[in-house]
Each structure stands twice: as structure tokens, then as C-alpha cells.
Amino acid sequence: MAVRARAFWLAAPGRGEIRPVPLAPPGAGEVLVRTLHSGVSRGTETLVFAGKVPPNQYPTMRAPHQDGDFPAPVKYGYLNVGLVEEGPAELVGSTVFCLYPHQTRYVVPASAVTVVPDGVPAARAVLAGTVETAVNALWDAAPLVGDRITVVGAGMVGSAVAGVLARFPGARVQLVDADPNRAGIAAALGVDFALPADATGERDLVVHASASSAGLTRALELLAPEGTVVELSWYGDRPVSVPLGENFHSRRLVLRSSQVGTVSPNVRGRRTFADRLALALELLADSAFDALLTGPCDFEELPEIFPRLVSGELPALCHVVDYGNPTADL
């Protein structure tokens, strides 16, 4: 039986649509996956939807299974959990994570999927790509036992970092955000919460993920002498102002970037992309990460949902997308 699929496309900046997609049967070494859930990575995907990817970042920002080109039309996304319907016998019937866009069914090489461990619900597993970003950031940061650590920005990525750090031995972790409603997320993750003005200073490490100049400025202010800020924010085409006078030199502060597109150089000789993703999925056995999930919506609603995510009308961390009738594509 011929298999068709439906996919969410950015038709033009600010306008999405559902398009039919014909699928060839899986070949040797390939799998056919029926999507159960996908997740909208609110920061990156809303920048893409709004057409805000800078032209000089087009190659860097390409998703692994992206179709089309920036700014549009483009099929974009990378948080997909589904059920293997056809492929190698050892994978058929398995729930898997794949860095695939929002699409009802898809065919990819078997090497492109990672089996979701027992004990990790399929909906929670959409966070694997975000927790993978957190793992890489902490490989870059290399925190020490007992460090005083602050995460500035309680969005999807910042909250994932705080969730991983909450299990780090002896760490005193504080999550900082301008929205007092994010205190509940911190509580669910098991870390302290503070508004920016009330944040504790003299920190050994600050991870910045607020995607704002004010947040980065505050992150630098919170450091102890010779402390480090790890910058995780993606600003798109917006300029960023940072005060590198004042105490930056006298306190010998460090500002460094972290980016999930490469494995941290601190472990690159010993860890692969597959190792990193498998570790992220293992960490998601902790139900505390459910605090990062918002929504859900149905797949067919995505053209209406994305503008609301971009405008902020619909608050979200990782917005979960549910896929309905499995026979609709046949």
C-alpha cells in the first residue's frame, strides 16, 4: 500500500501550512516511522517562523532533515518521537527519537533514530534534543562538585540545564527569570528561584539562556572573580550590547559560547553525537522534566499555533504536538 504523509511547512515568513508528502517505501537499512509527538523548540523555531535567521547563518542553522531553504519555504524542526512501522526487525515496534520536522510519517536511515528507553514516556522524549543541548553546555562548562551555579533564563533550554544541574553533586543551583510564574518550574526541578534583582551573587558559574542583553549583563554581574558565563542564547539577527568595562577585566571574568552543533571539545575524543543523545534520553527518565512540557495541540492546528507562539500570546516552553488518526495518511 502506498504511504503518504502530511508535513508542516513555513510557506512564507509568518505563514505556515500543512502539505501532503509522498513517501517511498523504506529501503535496506531504512525505517518508516509514524510520528506520535513532536515538540516546538520555541526559541529557535519561532525565529525561523518569523524569518529572522541571518543569511550568514543559513548553513549553520540547517536542521538534519530540513527540506527547503531559509527564509522560506522550508520544512523545519528537530524534536520528533514516533513508532517504527517498517524496517530492521530489531527496530520494528520501537518508540524512537529523531531530529525530524513536524510530519505525520517519514523514512530515514535506521542510524538516524535513537530508541527511547523504557520508563521514558513518548511525549517527554521530545525533550531529548533540548536536554542534549544542556548536556553539551555542561560538558563545555565542566562544573565542579559544590559549585555555586546560576542559570539565567527559565525558558526551554535554561530550564533543561537547571534540571540536569539539580542532580549534580553538591551544586547550589539557582534559576533566574524575570517572570515570577517560572518559580513553579524551578520548584518542580528541585532548584531555587529568584527574580533578576534578587539573584544571589558570587557564583562560580552562570549559564545564560535568556536571549537578552539584560540577561547577559546580569549573568556577568553575578560572577565571583574568575568565574565563567557560558552563553547558550541564540539571538538571530538582533545586536547584543554587553558591558565589558566595569568589572570584566579587573575580576578576570570569562565569557564563552556553547553550541550543540558540535560535541564539546572537552569530551570530543571520547564521546560522539550518538552518545550525547543517548545520555539525554536516559536523563529523561526523571519525571521532573515534565515541567518543561506545555500544550498540547493537534498537528493540524500548527498553522494557527505558530503565530501565537511567536507573538507570546500562547506561553510555552516545549510545546507538544499530538498526532491523531494513524490511518489518515494511507
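1. Two strands pair if DSSP finds at least two bridges between them. Helices (H or I, at least four residues) and strands (E, at least two) are DSSP runs, numbered from the N terminus. On these terms, β6 and strand β7 (residues 95-98) run antiparallel and are joined by four bridges. T95 in β7 is the bridge partner of L83.

2. The model is predicted: local features need pLDDT of at least 70, side-chain atom pairs count only at pLDDT 80 or more, and totals for chains, interfaces and linings use all residues. Residues are numbered from 1 along each chain as its sequence is written, and side-chain values use heavy atoms, with hydrogens and water left out.

3. β6 (residues 80-86) also pairs with β3 (residues 30-41), in the antiparallel sense, over six bridges. Here G82 in β6 stands opposite T35.

4. A cavity is a set of points, on a 1 Å grid over the protein atoms alone, where a 1.4 Å probe fits but cannot get out. Grid points are joined across faces, edges and corners, and a volume is the space filled by probe spheres set on the points. The count is one cavity of 30 Å³ or more. The largest cavity has a volume of about 60 Å³.

5. Which residues line the largest cavity? They are F8, L10, E45, V48, F49, V74, K75, Y76 and F306; lining residues have an atom within 4 Å of a point. β1 (3-12), α1 (42-49) and β5 (74-75) each supply at least two of the lining residues. The largest share, three residues, comes from α1.

6. By class, this lining has seven nonpolar, no polar and two charged residues. Ala, Val, Leu, Ile, Met, Phe, Trp, Tyr, Cys and Pro count as nonpolar, Asp, Glu, Lys and Arg as charged, and the others, Gly among them, as polar.

Notes: On a 1 Å grid over the protein atoms alone, a cavity is a set of points where a 1.4 Å probe fits but cannot get out, and a pocket is an open set with protein on both sides within 12 Å along at least five of seven lines; lining residues have an atom within 4 Å of a point.
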